[in-house]
Amino acid sequence: MKKKFTLVLSLLLMAGMVYDYNYRMAHTNGSGAPAGHTGSPGDGQTCARSGCHNGPTAANEVMLLTSDIPGSGYVAGTTYNMTFTMTNQIGVKFGFQLSAQDNAGNGVGALIAGSGNQIVSSKYLTHTGAGTSVTGGTKAWDFQWTAPTAGSGSVTFYYAGNFTGSPSGPAGDVIATGSTSFNEASVGITEAQVAQLAVYPNPVVDEIHVAARDVDEEIMISMFDVQGRKVLEERFDGGDIKIDV
(Lines give C-alpha, C1' and ligand atoms only; values in the text may rest on other atoms or scores of the structure.)
Protein backbone atom coordinates (compact mmCIF):
# COMPACT_ATOMS: atom_id res chain seq x y z
CA MET A 1 0.00 0.00 0.00
CA LYS A 2 2.83 2.37 0.76
CA LYS A 3 4.33 1.92 -2.70
CA LYS A 4 0.97 2.47 -4.40
CA PHE A 5 0.39 5.60 -2.36
CA THR A 6 3.82 6.90 -3.32
CA LEU A 7 3.18 6.23 -7.02
CA VAL A 8 -0.18 7.99 -6.98
CA LEU A 9 1.36 10.93 -5.14
CA SER A 10 4.14 11.15 -7.74
CA LEU A 11 1.67 11.15 -10.62
CA LEU A 12 -0.34 13.90 -8.97
CA LEU A 13 2.82 15.92 -8.46
CA MET A 14 3.81 15.54 -12.12
CA ALA A 15 0.33 16.54 -13.30
CA GLY A 16 0.49 19.58 -11.06
CA MET A 17 3.85 20.54 -12.50
CA VAL A 18 2.56 20.26 -16.08
CA TYR A 19 -0.52 22.31 -15.24
CA ASP A 20 1.57 24.92 -13.46
CA TYR A 21 3.98 25.09 -16.45
CA ASN A 22 1.17 25.65 -18.95
CA TYR A 23 -0.52 28.16 -16.65
CA ARG A 24 2.69 30.09 -16.18
CA MET A 25 3.46 30.04 -19.90
CA ALA A 26 0.03 31.43 -20.77
CA HIS A 27 0.31 34.19 -18.19
CA THR A 28 3.95 34.98 -18.92
CA ASN A 29 3.09 35.47 -22.59
CA GLY A 30 0.37 37.83 -21.48
CA SER A 31 3.20 40.26 -20.81
CA GLY A 32 4.78 39.71 -24.22
CA ALA A 33 5.48 36.88 -26.65
CA PRO A 34 8.92 35.25 -26.61
CA ALA A 35 11.17 36.06 -29.56
CA GLY A 36 10.93 34.08 -32.78
CA HIS A 37 7.18 33.41 -33.07
CA THR A 38 6.03 35.53 -36.03
CA GLY A 39 5.49 32.62 -38.42
CA SER A 40 8.14 33.99 -40.80
CA PRO A 41 10.23 31.55 -42.87
CA GLY A 42 13.18 32.32 -40.60
CA ASP A 43 11.24 31.83 -37.34
CA GLY A 44 9.33 28.78 -38.53
CA GLN A 45 6.78 28.87 -35.70
CA THR A 46 3.99 30.83 -34.02
CA CYS A 47 2.53 30.72 -30.52
CA ALA A 48 0.18 27.91 -31.58
CA ARG A 49 2.20 25.19 -29.88
CA SER A 50 2.13 23.06 -26.76
CA GLY A 51 2.97 24.95 -23.58
CA CYS A 52 2.19 28.31 -25.13
CA HIS A 53 -1.21 28.68 -26.78
CA ASN A 54 -2.96 25.51 -27.89
CA GLY A 55 -5.49 27.21 -30.13
CA PRO A 56 -5.63 26.50 -33.86
CA THR A 57 -3.89 28.56 -36.52
CA ALA A 58 -6.45 30.45 -38.61
CA ALA A 59 -6.37 32.70 -41.66
CA ASN A 60 -9.73 34.47 -41.37
CA GLU A 61 -9.03 36.72 -38.37
CA VAL A 62 -8.51 40.36 -39.33
CA MET A 63 -5.02 41.80 -38.91
CA LEU A 64 -3.82 44.95 -40.65
CA LEU A 65 -0.47 46.73 -40.78
CA THR A 66 -0.68 50.36 -41.90
CA SER A 67 1.99 53.04 -42.21
CA ASP A 68 2.91 56.38 -43.74
CA ILE A 69 5.42 54.72 -46.05
CA PRO A 70 4.54 56.15 -49.50
CA GLY A 71 3.47 53.95 -52.37
CA SER A 72 6.79 54.61 -54.05
CA GLY A 73 8.55 52.77 -51.22
CA TYR A 74 10.63 53.52 -48.14
CA VAL A 75 13.65 55.83 -48.16
CA ALA A 76 16.80 54.60 -46.41
CA GLY A 77 17.28 55.95 -42.89
CA THR A 78 13.79 57.48 -42.68
CA THR A 79 11.63 56.80 -39.61
CA TYR A 80 8.00 55.92 -40.36
CA ASN A 81 4.87 55.75 -38.20
CA MET A 82 3.14 52.38 -38.23
CA THR A 83 0.04 50.80 -36.68
CA PHE A 84 -0.79 47.13 -36.20
CA THR A 85 -4.52 46.43 -35.76
CA MET A 86 -6.34 43.22 -34.78
CA THR A 87 -10.12 42.79 -35.05
CA ASN A 88 -12.40 40.00 -33.83
CA GLN A 89 -15.80 40.79 -32.34
CA ILE A 90 -15.75 37.88 -29.87
CA GLY A 91 -12.17 38.32 -28.63
CA VAL A 92 -11.46 39.17 -24.98
CA LYS A 93 -7.74 39.97 -25.14
CA PHE A 94 -5.36 40.23 -28.09
CA GLY A 95 -1.62 39.72 -28.27
CA PHE A 96 0.85 39.82 -31.14
CA GLN A 97 4.43 39.68 -32.34
CA LEU A 98 5.88 41.17 -35.52
CA SER A 99 9.29 41.56 -37.12
CA ALA A 100 10.71 43.25 -40.22
CA GLN A 101 12.90 40.65 -41.96
CA ASP A 102 14.68 39.96 -45.23
CA ASN A 103 14.39 36.70 -47.16
CA ALA A 104 17.05 35.10 -44.93
CA GLY A 105 15.20 35.94 -41.71
CA ASN A 106 17.56 38.72 -40.64
CA GLY A 107 16.07 41.73 -38.89
CA VAL A 108 15.90 44.77 -41.21
CA GLY A 109 15.81 48.36 -40.03
CA ALA A 110 15.05 49.32 -36.43
CA LEU A 111 11.76 48.93 -34.56
CA ILE A 112 10.81 51.63 -32.04
CA ALA A 113 8.18 50.62 -29.48
CA GLY A 114 5.15 52.74 -28.64
CA SER A 115 2.42 52.58 -26.02
CA GLY A 116 1.35 49.06 -25.06
CA ASN A 117 4.17 47.31 -26.93
CA GLN A 118 7.85 46.49 -26.42
CA ILE A 119 10.98 45.23 -28.19
CA VAL A 120 12.31 41.72 -27.49
CA SER A 121 15.63 40.37 -28.77
CA SER A 122 16.16 43.57 -30.77
CA LYS A 123 14.18 42.58 -33.88
CA TYR A 124 10.76 41.65 -32.49
CA LEU A 125 7.87 43.85 -31.38
CA THR A 126 5.22 42.41 -29.06
CA HIS A 127 2.47 43.49 -26.67
CA THR A 128 2.93 44.38 -23.00
CA GLY A 129 0.79 43.14 -20.15
CA ALA A 130 -1.10 46.44 -20.13
CA GLY A 131 -1.48 46.43 -23.91
CA THR A 132 -3.81 43.47 -24.47
CA SER A 133 -7.23 44.89 -23.53
CA VAL A 134 -9.76 45.00 -26.37
CA THR A 135 -12.35 47.74 -26.97
CA GLY A 136 -15.25 47.04 -29.33
CA GLY A 137 -13.57 43.97 -30.80
CA THR A 138 -10.50 45.93 -31.99
CA LYS A 139 -7.02 46.54 -30.63
CA ALA A 140 -4.37 48.75 -32.26
CA TRP A 141 -0.71 49.31 -31.39
CA ASP A 142 1.29 52.29 -32.68
CA PHE A 143 5.05 52.06 -33.20
CA GLN A 144 7.79 53.32 -35.50
CA TRP A 145 10.26 51.74 -37.88
CA THR A 146 13.49 53.26 -39.17
CA ALA A 147 14.28 52.04 -42.67
CA PRO A 148 17.62 50.29 -43.31
CA THR A 149 20.55 51.48 -45.41
CA ALA A 150 20.18 52.06 -49.14
CA GLY A 151 20.27 48.94 -51.25
CA SER A 152 18.48 46.72 -48.72
CA GLY A 153 15.63 46.06 -51.16
CA SER A 154 12.18 44.76 -50.30
CA VAL A 155 11.38 44.33 -46.58
CA THR A 156 8.63 42.07 -45.25
CA PHE A 157 6.88 42.53 -41.91
CA TYR A 158 5.79 39.12 -40.60
CA TYR A 159 3.27 38.99 -37.78
CA ALA A 160 1.31 36.53 -35.67
CA GLY A 161 -1.67 37.44 -33.49
CA ASN A 162 -3.47 35.63 -30.70
CA PHE A 163 -7.21 36.28 -30.42
CA THR A 164 -8.01 35.00 -26.92
CA GLY A 165 -11.41 33.85 -25.75
CA SER A 166 -10.56 33.94 -22.05
CA PRO A 167 -9.17 36.78 -19.90
CA SER A 168 -7.02 34.47 -17.79
CA GLY A 169 -6.10 31.35 -19.78
CA PRO A 170 -5.62 29.76 -23.20
CA ALA A 171 -9.27 28.69 -23.66
CA GLY A 172 -10.66 29.70 -27.03
CA ASP A 173 -7.34 30.96 -28.42
CA VAL A 174 -7.04 31.42 -32.17
CA ILE A 175 -3.65 32.18 -33.74
CA ALA A 176 -3.53 34.07 -37.05
CA THR A 177 -0.53 34.96 -39.21
CA GLY A 178 0.14 37.44 -42.00
CA SER A 179 2.73 39.59 -43.71
CA THR A 180 3.10 42.96 -45.44
CA SER A 181 5.96 43.92 -47.77
CA PHE A 182 7.39 47.30 -48.66
CA ASN A 183 9.69 48.07 -51.58
CA GLU A 184 12.65 50.38 -51.41
CA ALA A 185 12.10 53.69 -53.21
CA SER A 186 14.11 54.39 -56.32
CA VAL A 187 16.09 57.54 -55.60
CA GLY A 188 17.45 58.03 -59.13
CA ILE A 189 20.95 59.34 -59.68
CA THR A 190 22.85 61.04 -56.88
CA GLU A 191 24.27 64.56 -56.84
CA ALA A 192 27.73 63.10 -57.34
CA GLN A 193 26.50 61.26 -60.43
CA VAL A 194 24.84 64.42 -61.74
CA ALA A 195 28.21 66.15 -61.47
CA GLN A 196 29.61 63.48 -63.83
CA LEU A 197 27.11 64.32 -66.56
CA ALA A 198 28.47 66.20 -69.54
CA VAL A 199 26.10 67.96 -71.93
CA TYR A 200 27.48 69.81 -74.98
CA PRO A 201 27.51 71.96 -77.05
CA ASN A 202 25.73 74.87 -75.40
CA PRO A 203 23.94 76.49 -77.07
CA VAL A 204 22.64 73.57 -79.13
CA VAL A 205 22.47 73.90 -82.90
CA ASP A 206 21.71 70.61 -84.67
CA GLU A 207 22.62 67.94 -82.16
CA ILE A 208 23.35 67.47 -78.46
CA HIS A 209 25.84 65.10 -76.85
CA VAL A 210 25.27 63.63 -73.38
CA ALA A 211 27.97 61.67 -71.56
CA ALA A 212 27.06 59.72 -68.40
CA ARG A 213 29.72 57.05 -68.05
CA ASP A 214 29.37 56.50 -64.27
CA VAL A 215 25.58 56.24 -64.18
CA ASP A 216 23.89 52.83 -64.34
CA GLU A 217 20.27 53.99 -63.98
CA GLU A 218 17.94 55.02 -66.77
CA ILE A 219 18.22 58.75 -67.53
CA MET A 220 15.50 60.90 -69.03
CA ILE A 221 16.55 64.05 -70.91
CA SER A 222 14.01 66.81 -71.44
CA MET A 223 14.81 69.92 -73.48
CA PHE A 224 12.81 73.16 -73.49
CA ASP A 225 13.04 76.18 -75.78
CA VAL A 226 13.33 79.77 -74.56
CA GLN A 227 9.55 80.00 -74.35
CA GLY A 228 9.45 77.05 -71.91
CA ARG A 229 7.99 74.58 -74.41
CA LYS A 230 9.23 70.99 -74.29
CA VAL A 231 10.88 70.24 -77.61
CA LEU A 232 12.66 66.97 -76.80
CA GLU A 233 12.45 64.01 -74.45
CA GLU A 234 14.78 61.01 -74.62
CA ARG A 235 15.66 58.13 -72.30
CA PHE A 236 18.92 56.19 -72.21
CA ASP A 237 20.83 53.91 -69.84
CA GLY A 238 24.03 55.85 -69.29
CA GLY A 239 27.16 55.98 -71.41
CA ASP A 240 27.33 58.40 -74.37
CA ILE A 241 24.47 59.43 -76.59
CA LYS A 242 24.06 61.86 -79.49
CA ILE A 243 20.59 63.29 -80.10
CA ASP A 244 19.55 65.16 -83.22
CA VAL A 245 17.44 68.23 -82.51
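**Working chat: a predicted model**

Q: What joins the side chains of His-127 and Thr-126?
A: A polar contact of 3.3 Å joins them. Keep in mind that this is a predicted model.

Q: Where is His-127 found?
A: His-127 belongs to strand β7, which covers residues 124-127.

Q: Buried or exposed, that His-127?
A: His-127 has a relative accessible area of 6%, so it counts as buried.

Q: Back up a bit. How many helices and strands does the protein chain have?
A: There are two helices and 15 strands in the protein chain.

Q: And what share of the residues counts as buried?
A: The protein chain has 245 residues, and 38% of them count as buried.

Q: Among contacts between residues at least 6 apart in sequence, what share joins residues at least 24 apart?
A: That share is 63%.

Q: Now the aromatics. How many aromatic pairs does the structure hold?
A: It holds eight aromatic pairs. One of them is Tyr-74 with Trp-145, whose ring centres are 5.6 Å apart.

Q: Why is the pair of Tyr-74 and Trp-145 called edge-to-face?
A: The planes of the two rings stand at 85 degrees, so the pair is edge-to-face. The cut-off for that label is over 60 degrees.

Q: Which parts of the chain does the pair link?
A: Distant ones, with Tyr-74 and Trp-145 lying 71 residues apart. Tyr-74 is in the loop between β2 (62-67) and β3 (79-87), while Trp-145 is in strand β8, residues 138-146.

Q: Is Tyr-74 buried or exposed?
A: Tyr-74 is buried, and Trp-145 is buried as well.

Q: Which residues form one aromatic cluster with Tyr-74?
A: Trp-145, Phe-157 and Phe-182 form one cluster with Tyr-74.

Q: What does Asn-183 touch, leaving out residues up to four places away in sequence?
A: Asn-183 touches Gly-73, Tyr-74 and Ser-154.

Q: Where is Asn-183 found?
A: Asn-183 is in the loop between β10 and α2 (191-195). With a relative accessible area of 52%, Asn-183 is exposed.

Q: How many residues apart along the chain are Asn-183 and Val-75?
A: They are 108 residues apart along the chain, and their C-alpha atoms are separated by 9.4 Å.

Q: On to the largest nonpolar core. Which of its residues touch the most other members?
A: The core has 26 residues, and those touching the most other members are Phe-84, Leu-98, Phe-143, Trp-145 and Phe-157.

Q: Which elements give two or more residues to this core?
A: Those elements are β2, β3, β4 (93-101), β8, β9 (155-164) and β10 (174-182).

Q: What is Phe-84 in contact with, leaving aside neighbours within four places in sequence?
A: The contacts of Phe-84 include Met-63, Leu-64, Leu-65, Phe-96 and Leu-98. Also among them are Lys-139, Ala-140, Trp-141, Phe-143 and Tyr-159.

Q: Which residues does the second, separate core include?
A: The second core has nine residues, including Ala-212, Ile-219, Ile-221 and Phe-236.

Q: Let's do strand pairing. In what sense do β3 and β8 pair?
A: β3 and β8 pair in the antiparallel sense, over nine bridges. Asn-81 stands opposite Gln-144 in β8.

Q: And what joins strand β5 to β8?
A: Strand β5, residues 110-112, is joined to β8 by three bridges, and the two run antiparallel. Ile-112 has Gln-144 as its bridge partner in β8.

Q: What about β11 and β12, how many residues does the hairpin between them run through?
A: The hairpin joins β11 to β12 through six residues. Strand β11 (residues 198-200) and strand β12 (residues 207-212) are antiparallel, joined by three bridges.

Q: What stands opposite Tyr-200 in β12?
A: His-209 stands opposite Tyr-200.

Q: Last topic, the loop between β6 and β7. What is phi of Ser-121?
A: Phi of Ser-121 is near 50 degrees, a positive value in a residue other than glycine. Ser-121 is in the loop between β6 (117-120) and β7.

Q: And phi of Ser-122, what value is that near?
A: Phi of Ser-122 is near 65 degrees, again positive in a residue other than glycine. Ser-122 is found in the loop between β6 and β7.

Q: Are these serines, Ser-121 and Ser-122, buried or exposed?
A: Ser-121 counts as exposed at 54% relative accessibility. Ser-122 is exposed too, with a relative accessible area of 62%.

Key
Residues numbered from 1 in each chain as written. Predicted model: local features only at pLDDT ≥ 70, side-chain atom pairs only at ≥ 80, totals over all residues. Heavy atoms only, no water. Phe/Tyr/Trp six-rings, centres within 6.5 Å; stacked < 30°, edge-to-face > 60°. Helix = DSSP H or I, 4+ residues; strand = E, 2+ residues; numbered from the N terminus. Buried < 20%, exposed > 50% of the residue type's maximum accessible area, 1.4 Å probe, protein only. Contact = heavy atoms within 4.5 Å. Pairing = 2+ DSSP bridges. Core = buried A, V, L, I, M, F, W, Y, C linked by side-chain atoms within 4.5 Å. Polar contact = N/O pair within 3.5 Å; in protein donor to acceptor, adjacent residues only side chain to side chain.
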